[in-house]
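Okay everyone, thanks for coming.

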Amino acid sequence: MKIIVLNGSPKGEDSITLQYVAYIRKHFPQHDFRIFHVSQRIKKMERDLEAFQEVINEVRSADGILWSFGLWVLCAPAQYMRFIELISERGMEAAFENKYAAVLTTSIHFYDHTAHNYMRAVCEDLKMKFVDSISLDIIDMMKEDRRREITIFAEGFIKSIREQAVTSRLFNPLTFSDFVYQPTEPKTKVDPGTKKVLVLTDANDIPTNLGKMITRFKQSFAGEIDVINLNDIDIRGACLGCMRCGYDYNCTYKDGFADFYNQRVRSADIIVFAGTVKGRYLSSMWKTFYDRAYFWNHTPSLAGKQLGYIIAGPLRQNPNLIQILEASSTARQHANHVDIITDECGNSAEIDALLQSFAQCLVSLAEKGYIRPQNFLGVGGHKVFRDDIWGRLRPLWQADYRYFKKHGLFDFPQKDIKIRVMSPILMLLTWIPAVRRKYYANVKTFPAGRLKKLVEHVD
Ligand SMILES: Cc1cc2nc3c(=O)[nH]c(=O)nc-3n(C[C@H](O)[C@H](O)[C@H](O)COP(=O)(O)O)c2cc1C
């Protein structure tokens with residue numbers, strides 16, 4: 001059986017994920033696993049149609065495709081997304097149609113589910129037969145149980161191909177609207193006061209819905225606001241995953257990105273990200289922005305700011321992307337995720353009103369310095385980062401470690417002396433049946449009762 005492995009790590013042979021593929025290959029020597037470093041060679045494939053076509057031809061003659069990548073910033077690396085863009089830009093979808101597909105990733109399990117949803121949806125859009133996916137921690141190879149699970153996963157994939165198994169679908173195909181937004185000039189203007197507003201976009205061509213939404217949003221303000229097109233910034237390439245930034249936030253790239261990010265993005269109080277839905281994400285240029293901003297590692301470089309999105313295209317059909325956008329503001333940045341305005345209502349007057357109120361809301365929340373308390377996206381994400389920054393990845397992420405320490409983010413429950421003392425005492429007491437009865441009888445009323453008293457006394 002011929003399995004094409006599309007290696008999405010820009011690190012090529014040095015990819016961690018690829019070592020898991022090598023393990024599978026070792027276990028199934030009777031099958032031909034052919035590896036293509038599509039992310040590492042993305043620039044060549046953009047320039048050289050033959051290099052791209054070579055991969056597509058191999059895909060066309062394959063029995064199965066294994067999408068293999070390390071998770072980068074809640075999804076696949078920007079280079080991999082570019083490869084996926086090239087498939088549709090060059091009309092090569094047919095090569096993938098009806099091929100069996102599986103997905104293997106490595107990560108520290110921070111938003112691995114969004115990356116897996118993304119990849120499965122891409123497979124389904126390509127009309128592939130999606131069999132299964134597996135999300136592994138970077139060190140899972142060291143665990144016997146995990147190695148066993150990896151072989152079961154691979155066995156299942158191969159069996160499905162051999163038996164031409166039926167596969168399920170989870171994502172509806174996207175439908176794109178041909179609605180044309182016709183904005184009108186605002187009657188009132190929002191005064192941003194001392195707040196600096198920045199719109200970042202990957203395309204502000206006036207005739208598109210996105211371009212018109214940006215212009216209308218800009219007109220909502222009394223003064224000038226900054227609009228920056230990422231294509232005008234000196235960005236030589238997407239993140240290469242060298243991790244050297246882990247020591248002191250210094251990016252190895254010698255281009256304009258770090259200065260742009262530090263001086264122009266970080267100096268704004270309000271940042272609106274504007275883009276168009278492209279497949280199951282925004283453009284690979286947007287992903288390049290997010291991946292390159294990783295030079296701040298897990299330190300929330302936009303903490304305390306008001307962030308929002310203006311999106312053209314079918315975002316509502318893509319809850320996974322909505323979650324990625326929200327988590328990008330909250331879980332990654334400890335910023336306030338204000339809202340996402342799209343053109344999907346298909347009504348120009350309504351979009352005008354939405355953009356106007358969005359501008360008002362962003363300024364008002366910035367003036368109040370409001371940061372919405374985090375939900376699971378942020379709370380859960382924080383714990384994943386906290387444990388690895390304090391623990392096994394501390395030598396790598398030294399800059400993060402210093403930031404987390406300084407800002408009291410190592411908030412382990414073990415450090416709460418009161419809980420450490422009281423919990424065992426309470427547990428011991430509940431061994432006494434009468435105390436236990438009383439304790440559990442009070443569990444329903446006690447927390448609310450305590451809060452009731454607090455409400456009476458606090459300002
Ligand atoms: C730029 C960058 C972004 C990353 N983002 C995430 C992430 O969002 N979630 C996660 O769990 N791990 C993340 N990681 C860790 C990688 O997923 C992990 O190291 C993976 O094993 C790399 O695989 P590779 O060597 O095959 O590229 C990131 C690493 C890099 C370099």
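So, by class, how many nonpolar, polar and charged residues does the shell around the ligand have? Keep in mind that this is a predicted model. The shell has eleven nonpolar residues, eight polar ones and one charged one.

Where does the ligand sit, then? The ligand is in the largest pocket. Two elements each give two or more residues to the shell around it: helix α1, residues 16-27, and strand β4, residues 100-107. If you think in domains, both of them take part: domain 1 (2-162) and domain 2 (197-368) each supply at least three residues of the shell.

Now let's zoom in. Of the 20 residues around the ligand, the ones that come nearest are Lys11, Ser15, Thr17, Leu71 and Thr106.

Take serine 15 from that list. An N or O atom in the serine 15 side chain is 2.6 Å from an oxygen atom of the ligand.

At isoleucine 108, a polar backbone atom lies 2.9 Å from a ligand oxygen. And at phenylalanine 110, a backbone N or O atom is 2.9 Å from a nitrogen atom of the ligand.

And how much of the ligand does the protein cover? On its own, the ligand has 640 Å² of accessible area, and the protein covers 96% of that.

That's it from me, thanks!

How values were computed
Residues numbered from 1 in each chain as written. Predicted model: local features only at pLDDT ≥ 70, side-chain atom pairs only at ≥ 80, totals over all residues. Heavy atoms only, no water. Near = heavy atom within 4 Å. Polar contact = N/O pair within 3.5 Å; in protein donor to acceptor, adjacent residues only side chain to side chain. Areas by Shrake-Rupley, 256 points an atom, 1.4 Å probe, with all protein chains shown as cover. 1 Å grid on protein atoms, 1.4 Å probe; cavity = no way out; pocket = protein on both sides within 12 Å on 5 of 7 lines; lining within 4 Å. Sits in = over half its atoms within 2 Å of the grid points. Helix = DSSP H or I, 4+ residues; strand = E, 2+ residues; numbered from the N terminus. Nonpolar A, V, L, I, M, F, W, Y, C, P; charged D, E, K, R; others polar. Domains from an automatic or database assignment.
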